Amino acid sequence: MRLEVNGEARELETGKTVADLLGDLGVNTNHVAVELNRELLPRAQHTSHALSEGDRLEVVTLVGGG
Amino acid sequence: MSTATLPPPTTTGTLRIGSHELKSRLIIGTGKYATHEQMGEALERSGADCITVAIRRERLIDAEGRNLLDAIDTSRYTLLPNTAGCFSADDAVRVARLGREILTGLENPGASWVKLEVLADTRTLLPDPIETVKATEQLVADGFEVLCYSSDDPIVARRLKNAGAASVMPAGSPIGSGQGILNPNNIRICLEYLKEGDPDYPVIVDAGVGAASDVAAAMELGVDGVLLNTAIAHATDPLAMADAMRHALIAGRLSYLSGRIPKRLYATASSPTEGVIALGR
């Protein structure tokens, strides 16, 4: 299925979860938060929430700022 | 390290904002430093125990990029996540929730609050007062303690407090401009309005500081704290400037508490006018 992750197109096997995607991306899951289709997806749901065709995700972390 | 010259932290009292009690009245931003090491050292020298951070997309390509969280001891600092880069209330609320999610995972006390920044314009980076009030209402309803970046307009400041802001943070001058406190009279009126019948309500000057004298000047007006970033990060010697800011904050706070003399148009002699020897021939 086709997803959009941080503004870029990405392919993922059907049925995969948010946790699977974060694993593929190789991010430190403790350092990120995920928004799915403009709604926050709490960490506790990452392993249970299966992604769907066309889902748009934002994977964010902390950076320096004022 | 020059920490030997540090007065005890109780000298200037603690800064209470909502449920948080900070040991230092200086809040320092983590942006724009040349390296993470320089940032860490500057934060240390500033004496701050609260630092601001921004929320941005994880760089999924650049695997070598070090994460800010690898460079900061999150057990030592209370993080204050901002909504910088947002131009609408709705986007600011989304970013605030993302920040809370990350800080909750880190078990950092900063998970309960947010520095709300809803900008109107990329050239001035001035806040949009209407969207800021809207976002404040939404975030307060969602359980956040909201620290509102605002212009120095006393009326907007009062609106933000009435909307439930835990602190109003008027700008001394535009973000990163280094122009200092352009309108001290407006900051004075903000203080009057916000502290009327509520003297402990925290008011923080956020943005515009260029040099240590600006911090002292802000504190002498009676604000409770100062938030700054660029003035340290882009100083020629950021570490020495962090020292200067720490001292300026203490000097300004003590000066305010000590009660300055009134300004007069004419001179008053410091030496006795009596007992002067016979003058002239």
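1. The backbone nitrogen of Gly110(B) lies 2.9 Å from a polar atom in the side chain of Asn108(B). The model is a predicted one. Asn108(B) belongs to the loop between α3 (89-105) and β6 (113-116) of chain B. Its relative accessible area is 4%, so Asn108(B) counts as buried. Neighbours within four places in sequence aside, Asn108(B) is in contact with Thr74(B), Tyr77(B), Thr78(B), Leu79(B) and Leu103(B).

2. Two non-glycine residues of chain B deserve a look for their backbone angles. Leu125(B) has a positive phi, near 55 degrees, and sits in the loop between β6 and α4 (129-141). With a relative accessible area of 27%, Leu125(B) is partly exposed. Ala207(B), also not a glycine, has a positive phi of about 95 degrees. Ala207(B) is placed in the loop between β9 (204-206) and α7 (212-221) of chain B, and is buried at a relative accessible area of 9%.

3. The interface between the chains involves 26 residues from chain A and 31 residues from chain B. About 2,500 Å² is buried between chain A and chain B, with carbon and sulfur atoms giving 57% of that area. On the chain A side, the residues that lose the most area to chain B are His31(A), Leu62(A) and Gly66(A), together 27% of what that side buries.

4. Polar pairing across the interface comes next. There are 13 residue pairs in polar contact between chain A and chain B, both members at pLDDT 80 or more. In chain A, β3 (33-36), β4 (39-41) and β5 (56-64) each supply at least two residues to the side that touches chain B. β5(A) gives the most, with 7 residues. By residue class, that side of chain A divides into 13 nonpolar, 8 polar and 5 charged.

5. β5(A) and β4 (residues 50-57) of chain B run antiparallel to each other over 5 bridges. Within this pairing, Val60(A) stands opposite Arg57(B) of β4(B).

6. Within chain B, Arg76(B) and Glu44(B) form a salt bridge with an N to O distance of 3.4 Å. The pair links distant parts of the chain, 32 residues apart: Arg76(B) is in the loop between α2 (68-71) and β5 (78-81), and Glu44(B) is in helix α1 (residues 36-46). Arg76(B) is partly exposed at 44% relative accessible area, and Glu44(B) is partly exposed at 33%.

7. Asp142(B) and Arg100(B) also meet in a salt bridge, 3.0 Å from N to O. Asp142(B) is in the loop between α4 and β7 (145-150) and Arg100(B) in helix α3 of chain B, so this pair ties together parts 42 residues apart in sequence. Asp142(B) is partly exposed at 25% relative accessibility, as is Arg100(B) at 24%.

8. The salt bridge of Asp243(B) and Arg246(B), 3.0 Å from N to O, is local. The two residues lie 3 residues apart in helix α9 (residues 238-258) of chain B, about one turn of the helix. Both Asp243(B) and Arg246(B) are buried. They belong to a network of salt bridges that also links Glu41(B) and Arg45(B).

Definitions and conventions:
Residues numbered from 1 in each chain as written. Chains lettered and ligands numbered in written order. Predicted model: local features only at pLDDT ≥ 70, side-chain atom pairs only at ≥ 80, totals over all residues. Heavy atoms only, no water. Contact = heavy atoms within 4.5 Å. Buried area = accessible area lost by both parts, 1.4 Å probe. Polar contact = N/O pair within 3.5 Å; in protein donor to acceptor, adjacent residues only side chain to side chain. Helix = DSSP H or I, 4+ residues; strand = E, 2+ residues; numbered from the N terminus. Nonpolar A, V, L, I, M, F, W, Y, C, P; charged D, E, K, R; others polar. Pairing = 2+ DSSP bridges. Buried < 20%, exposed > 50% of the residue type's maximum accessible area, 1.4 Å probe, protein only. Salt bridge = Lys/Arg side-chain N within 4 Å of Asp/Glu carboxyl O.
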